[in-house]
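Please walk me through this structure in plain terms. I am new to it and would like to know how its parts relate.

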Amino acid sequence: MNLPHLPTVTSFLALLAQEPGSGFTAENVAARPEIVERGLRFLNLAYTAVWVVLAVYLLSLSVRLRRLSLQVRRLRERAGL
């Protein structure tokens, strides 16, 4: 059995098993502002991605609604209503 991600998982589990004082605390992170900067960059990208997906979804709904209303109007004209 070949598990290519096993070292990554085990290192992550080892990080979780560490004492709370030696993990990511405010003191440790404050000493390394690049960690905070990288985290904020990822947060900004995730926030932007969510808004882009939402905008595309709403645009898609708008286009579909417009097509549906045109189709209903054509059907009413055919039916003579």
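Trp51 is partly exposed, with a relative accessibility of 48%; here buried means under 20% relative accessible area, exposed over 50%, and partly exposed in between, with a 1.4 Å probe and protein chains only. Tyr47 has a relative accessible area of 55% and is exposed. The model is predicted, so local features need pLDDT of at least 70 and side-chain atom pairs count only at pLDDT 80 or more, while totals for chains, interfaces and linings use all residues. Residues are numbered from 1 along each chain as its sequence is written, and side-chain values use heavy atoms, with hydrogens and water left out.

Tyr47 and Trp51 are both in helix H3, four residues apart, which is about one turn of the helix. An α-helix has 3.6 residues a turn, so residues three or four places apart point the same way. Rings of Phe, Tyr and Trp (its six-membered ring) count as a pair if their centres lie within 6.5 Å; planes under 30 degrees apart are stacked, over 60 edge-to-face, and the rest tilted. By this rule there is one aromatic pair. The ring centres of Tyr47 and Trp51 are 6.3 Å apart and the planes stand at 70°, so the pair is edge-to-face.

Tyr47 and Trp51 also belong to a nonpolar surface patch of about 640 Å², together with Leu54, Tyr57, Leu58 and Leu61. Such a patch joins nonpolar side chains (Val, Leu, Ile, Met, Phe, Trp, Tyr) within 5 Å, from residues with over 30% relative accessible area and no salt bridge; like charges are joined within 9 Å. Leu54 lies in helix H3 and is partly exposed, at 37% relative accessibility.

Helix H3 covers residues 33-79, 47 residues in total, and reaches 69 Å from its first C-alpha to its last, close to the 69 Å expected at 1.5 Å a residue. That expected span is 1.5 Å times one less than the number of residues. Just after H3, Gly80 has a positive phi of about 80°.

The chain has three helices and zero strands, where helices (H or I, at least four residues) and strands (E, at least two) are DSSP runs numbered from the N terminus. Buried residues make up 2% of its 81 residues. The chain exposes about 7800 Å², of which carbon and sulfur atoms supply 66%; accessible areas come from the Shrake-Rupley method with a 1.4 Å probe.

The structure holds one salt bridge, meaning a side-chain nitrogen of Lys or Arg within 4 Å of a carboxyl oxygen of Asp or Glu. It joins the side chains of Glu34 and Arg32 at 3.1 Å, N to O.
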